[in-house]
Amino acid sequence: VPSKDCPPDVEELGRSSWTLLHSIAATYPEKPTGDQQSNLKQFISLFGKLYPCWFCGEDFQSYVEKKEPQVMTQEAFGRWLCDAHNEVNIKLGKPTFDCNLWKQRWKDGWDDGRCD
Ligand code: FAD
């Protein structure tokens, strides 16, 4: 077993989780059905309840109550999630991310072609 195969700390868990969440936004349909919208809402709600860093999950649930998840379109959800991530960035004193760029970061790759 590689010596670095250790349980994740809050940071590693966070990075992996944001990757999953933004990737869900990147593959969410542009025109979701009612069922798909309902599934995503339930997922976000349960995600906050089950998130393995309890205080992180509680803050996330408060955010979801304050700012209702926007599940009408892919773009709306991608923006909502970017705003939610920025709220955590601010809490942790990290720089905020320009949400106009969420799709380049998580779906299409950067315009300069560095991900091609
Ligand atoms: P991360 O914040 O993990 O971001 C990963 C990558 O996403 C960045 O490198 C950047 O390319 C991109 N990115 C950054 N901001 C955005 C954005 N707004 N939109 C789109 N892409 C972006 N940690 C705590 O210590 N306390 C907490 O309360 C806490 N709450 C969390 C709640 C949730 C729901 C999640 C998923 C994580 C939480 N974390 C918390 C973890 C924290 O957000 C970071 O994941 C962790 O600190 C590692 O940060 P990082 O600098 O590697 O980048």
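Of the 116 residues in this protein, 10% count as buried, where buried means that 20 or more other C-beta atoms, placed from the backbone, lie within 10 Å of the residue's own. Before I go on, a word on the source: this is a predicted model, with local features needing pLDDT of at least 70, side-chain atom pairs counting only at pLDDT 80 or more, and totals for chains, interfaces and linings using all residues. Residues are numbered from 1 along each chain as its sequence is written.

The overall fold, then. We have five helices and zero strands, taking helices as DSSP runs of H or I with at least four residues and strands as E runs of at least two, numbered from the N terminus. The C-alpha atoms fill a box of roughly 45 × 40 × 30 Å along the principal axes.

Now, α4, residues 74-91. Among its buried residues are F77, W80 and C82, and their cover includes α1, α2 (34-50) and α5. Just after α4, G93 takes a positive phi of about 75°.

On to the ligand, friends. How many residues surround the ligand? The answer is 22, and the closest are G14, C56, C82, H85 and F97; the test is a C-beta atom, placed from the backbone, within 6 Å of the molecule. Which helix gives the largest share of that shell? That is α1, with seven residues. Helices α1 (10-27), α3 (54-66), α4 and α5 (102-108) each supply at least two.

Notes. A residue is buried if 20 or more other C-beta atoms lie within 10 Å of its own, exposed if 12 or fewer, and partly exposed in between; C-beta atoms are placed from the backbone. Two residues are in contact if their C-beta atoms, placed from the backbone, lie within 7 Å.
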